[in-house]
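Open the model in your viewer and keep the selection tool at hand. The stops below go from one selection to the next.

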Amino acid sequence: MSQILATVHTVAVAVDPHVSVLADAVPDVTPQMPKDVDKPVRSLLNWTAGLGLASAVLGGLLGWAAVAVGHNSERAALAARGKQAILWSLFGAGGIGVTAALVTTFYNMGK
């Protein structure tokens, strides 16, 4: 946010040197997360990502089990559902990984 304000200020002054931007009146303040809030929020983010990835792994393992049982018992529908479960668990794990990384990155930017 401070980069955007600095850019707006630079452009505004370049266009008209008499322009005053409200960002000039703000003192140098470093945004900081309170220590009492930082630890529980970080713990919640880590647990959410960990549980999501654990459930994706469990879904993949159950999918492989369904493929094995469906193949050995000649139940093609069960094997096909197991293959779908494997793919969806991979997509879910990838989505959870990307989302957790983005949330953690934006959370750390506010510190």
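The structure holds one aromatic pair (rings of Phe, Tyr and Trp, the last by its six-membered ring, pair if their centres lie within 6.5 Å; planes under 30 degrees apart count as stacked, over 60 as edge-to-face and the rest as tilted). Select tryptophan 88 and phenylalanine 91: their ring centres are 5.9 Å apart and their planes stand at 70 degrees, so the pair is edge-to-face. Both residues are exposed (over 50% relative accessible area; buried is under 20%, partly exposed in between, with a 1.4 Å probe and protein chains only).

This is a predicted model, in which local features need pLDDT of at least 70 and side-chain atom pairs count only at pLDDT 80 or more, while totals for chains, interfaces and linings use all residues. Residues are numbered from 1 along each chain as its sequence is written, and side-chain values use heavy atoms, with hydrogens and water left out.

Tryptophan 88 and phenylalanine 91 lie three residues apart in helix H3, about one turn of the helix. Now select all of H3, residues 76-109 (helices are DSSP runs of H or I, at least four residues, and strands runs of E, at least two, numbered from the N terminus). Its buried residues include Ala79, Gly82 and Ile86, and H2 is part of what covers the buried residues of H3.

Next, pick serine 89, also in H3. Serine 89 counts as buried because its relative accessibility is 12%. Beyond its neighbours within four places in sequence, serine 89 is in contact (heavy atoms within 4.5 Å) with Ala56, Gly59 and Gly60.

Finish at glutamine 32, in the loop between helices H1 (2-15) and H2 (35-72). Glutamine 32 counts as exposed because its relative accessibility is 64%.

Note on methods. Expected span 1.5 Å × (residues − 1).
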